[in-house]
Amino acid sequence: MDGQNFQNNPYQQPVPPNGPEKTDTLAIVALVLGIATIVMSCCYTYLGIPLGIGGIICSVMSIKKRKSGLATAGLVCSIIGLVLTVILLIFSAVFMGILASQGLDINDLLNYYY
């Protein structure tokens with residue numbers, strides 16, 4: 001070595017006084033609810049609405065406490081999932097209306113195929 005003292009290195013990164021920051025649990029819950037909203041909007045449309053609202057509430061509460069990337073991602077996923085849910089609900093209502101205007105009953109179609 002060239003005689004440097006590694007203990008008194010002025011270029012060392014300062015250590016935070018309380019250690020590393022903990023991840024906000026509310027932000028993680030918001031992200032999980034946001035992802036679940038997107039998944040449930042495709043499978044179980046009506047379940048996507050309460051999950052999306054819960055994800056938005058959790059992410060807003062987390063952002064008010066401390067701005068976090070996880071909370072922002074949860075907010076974005078929840079909004080995307082809610083929009084997707086509303087679009088799919090409107091699409092299915094229009095589709096059922098088209099079937100009804102043609103004189104077809106969805107129960108008859110379900111009984112025919114199953």
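Predicted model: local features only at pLDDT ≥ 70, side-chain atom pairs only at ≥ 80, totals over all residues.
The protein has 4 helices and 0 strands, and its elements run α-α-α-α along the sequence. Of its 114 residues, 22% count as buried. Among contacts with a separation of 6 or more, 70% join residues 24 or more positions apart.

**Packing of α1 with α3**

- Helix α1 spans residues 25-43 and helix α3 spans residues 69-101; their axes lie 7 Å apart, at an angle of about 20°.
- Because an angle under 35 degrees counts as roughly parallel, α1 is roughly parallel to α3.
- The crossing of these two helices, α1 and α3, is left-handed.
- On the α1 side, the contact is formed by A27, I28, A30, L31, L33, G34, I35, T37, I38, S41 and C42.
- On the α3 side, the contact is formed by L70, A71, A73, G74, C77, S78, I80, G81, L82, L84, T85 and L88.
- By class, the contact of α1 with α3 holds 16 nonpolar residues, 7 polar residues and no charged ones.

**Packing of α2 with α3**

- The axes of α2 and α3 approach within 8 Å, and the crossing angle is roughly 155°.
- Angles over 145 degrees count as roughly antiparallel, and α2 and α3 are therefore roughly antiparallel to each other.
- The crossing of α2 and α3 is left-handed.
- From α2, the residues taking part are T45, Y46, G48, I49, G52, I53, G55, I56, S59, V60, S62 and I63.
- From α3, they are A71, T72, G74, L75, S78, I79, L82, T85 and L89.
- The contact of α2 with α3 divides into 11 nonpolar and 10 polar residues, with no charged residues.

**S62 in α2**

- S62 belongs to helix α2, which covers residues 45-65.
- S62 has 0% relative accessibility, so it counts as buried.
- With neighbours up to four places away in sequence set aside, S62 is in contact with D24, L26, A27, K67 and A71.
- Of these partners of S62, A27 is listed on the α1 side of the contact of α1 with α3.
- A71, another partner of S62, is listed for α3 in the contact with α1 and also in the contact with α2.

**L89 in α3**

- L89 lies in helix α3.
- L89 counts as partly exposed because its relative accessibility is 23%, and the buried class requires a value under 20%.
- Beyond residues up to four places away in sequence, L89 touches T45, Y46 and I49.
- These three residues, T45, Y46 and I49, are listed on the α2 side of the contact of α2 with α3.
- L89 and T45 are separated by 44 residues in sequence, and their C-alpha atoms are 7.1 Å apart in space.

**Cysteines**

- The model has 0 disulfides.
- C58 has 14% relative accessibility, which means that C58 counts as buried.
- C77 also counts as buried, because its relative accessibility is 19% and the cut-off for the class is under 20%.
- C77 is one of the α3 residues in the contact with α1.
- C42 is listed on the α1 side of that contact.

Conventions:
Residues numbered from 1 in each chain as written. Heavy atoms only, no water. Buried < 20%, exposed > 50% of the residue type's maximum accessible area, 1.4 Å probe, protein only. Contact = heavy atoms within 4.5 Å. Disulfide = S-S within 2.5 Å. Axes fitted to C-alpha atoms, helices over the stretch in contact; angles between N-to-C directions. Parallel < 35°, antiparallel > 145°, perpendicular 65-115°, else oblique. Left-handed = near helix turned anticlockwise from the far one by under 90°. Nonpolar A, V, L, I, M, F, W, Y, C, P; charged D, E, K, R; others polar.
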